[in-house]
Amino acid sequence: LGLSGNPGTYTDPQKTLADARGRLTGNNIRLLFKRGEDWTDSLTLLNLSSRTNIHIGSYSSAVDGSDDPTLPKPKMTKTGGANLIVATDSVDCRIMNIELHSNNTGYCIHASGCVNLLVSKVSLNDAGKGINIGSGNLGVQPIAHRAQYFCIYDSTIQNVGFAANDN
């Protein structure tokens with residue numbers, strides 16, 4: 001792991017999820033987690049709400065930032081609270097090449113109102129709920145508040161109370 005004061009590049013990574021969350025202050029952000037490392041927190045791990053052009057993914061080389069898909073995905077575990085990744089009302093978000101665990105009743109990914117959300121090569125494991133593309137626990141919302149242009153590709157969902165919700 002890196003240092004808390006680092007700028008958050010692959011050659012000078014940050015150390016904690018709190019540091020990484022601090023990088024999500026605007027739009028056009030690429031937040032990569034090193035393969036083979038575990039990240040655990042009791043808070044919502046990443047809040048992508050109302051952001052545009054966000055890429056959450058993995059890397060393996062501190063030399064050039066490349067990604068070797070043969071290495072284990074970075075593992076993100078949430079130990080309490082509500083949702084693991086929140087992407088409500090976001091536009092153009094990509095969540096790729098990571099493993100998500102949540103041992104509570106919240107969603108691994110809560111994406112109501114999101115436009116253009118791609119979930120690719122993501123493993124959702126041991127969670128109360130998988131992915132919410134509707135209003136979920138927020139109450140009944142109009143159709144317009146449901147995720148639009150949402151794609152799950154080459155991903156696995158295992159040991160989840162229920163996999164997806166769109167109401």
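Reader: In which sense do strand 9 and strand 11 pair?
Author: In this predicted model, strand 11 covers residues 148-153, and Leu-118 stands opposite Cys-151 of that strand. Strand 9 and strand 11 are joined over 5 bridges, and the sense of their pairing is parallel.

Reader: Which residue in strand 9 stands opposite Val-91?
Author: Strand 7, residues 91-96, pairs with strand 9, residues 115-120, in the parallel sense over 5 bridges. Within strand 9, the residue standing opposite Val-91 is Val-115.

Reader: Is Ser-58 buried or exposed?
Author: Ser-58 is found in strand 4, which spans residues 52-59. Buried means under 20% relative accessible area. Because the relative accessibility of Ser-58 is 7%, this residue counts as buried.

Reader: Which side chain is joined to that of Ser-58 by a polar contact of 3.5 Å?
Author: Beyond residues up to four places away in sequence, Ser-58 touches several residues, among them Leu-32, Asp-67, Pro-74 and Met-96. A polar atom of the Ser-58 side chain also lies 3.4 Å from the backbone oxygen of Asn-97. The side chain joined to that of Ser-58 by the 3.5 Å polar contact is that of Arg-35.

Reader: What is the angle between the planes of Phe-33 and Trp-39?
Author: A search of the whole structure finds 1 aromatic pair. This pair is formed by Phe-33 and Trp-39, with 5.1 Å centre to centre and an edge-to-face arrangement. Phe-33 and Trp-39 are both buried, and the angle between their planes is 75 degrees.

Conventions. Residues are numbered from 1 along each chain as its sequence is written. This is a predicted model: local features need pLDDT of at least 70, side-chain atom pairs count only at pLDDT 80 or more; totals for chains, interfaces and linings use all residues. Side-chain values use heavy atoms; hydrogens and water are left out. Two strands pair if DSSP finds at least two bridges between them. Helices (H or I, at least four residues) and strands (E, at least two) are DSSP runs, numbered from the N terminus. Buried means under 20% relative accessible area, exposed over 50%, partly exposed in between (1.4 Å probe, protein chains only). A polar contact is a pair of N or O atoms within 3.5 Å; within protein, one must be able to donate a hydrogen and the other to accept it, and residues adjacent in sequence count only if both atoms are side-chain atoms. Contact means heavy atoms within 4.5 Å. Rings of Phe, Tyr and Trp (its six-membered ring) pair if their centres lie within 6.5 Å; planes under 30 degrees apart count as stacked, over 60 as edge-to-face and the rest as tilted.
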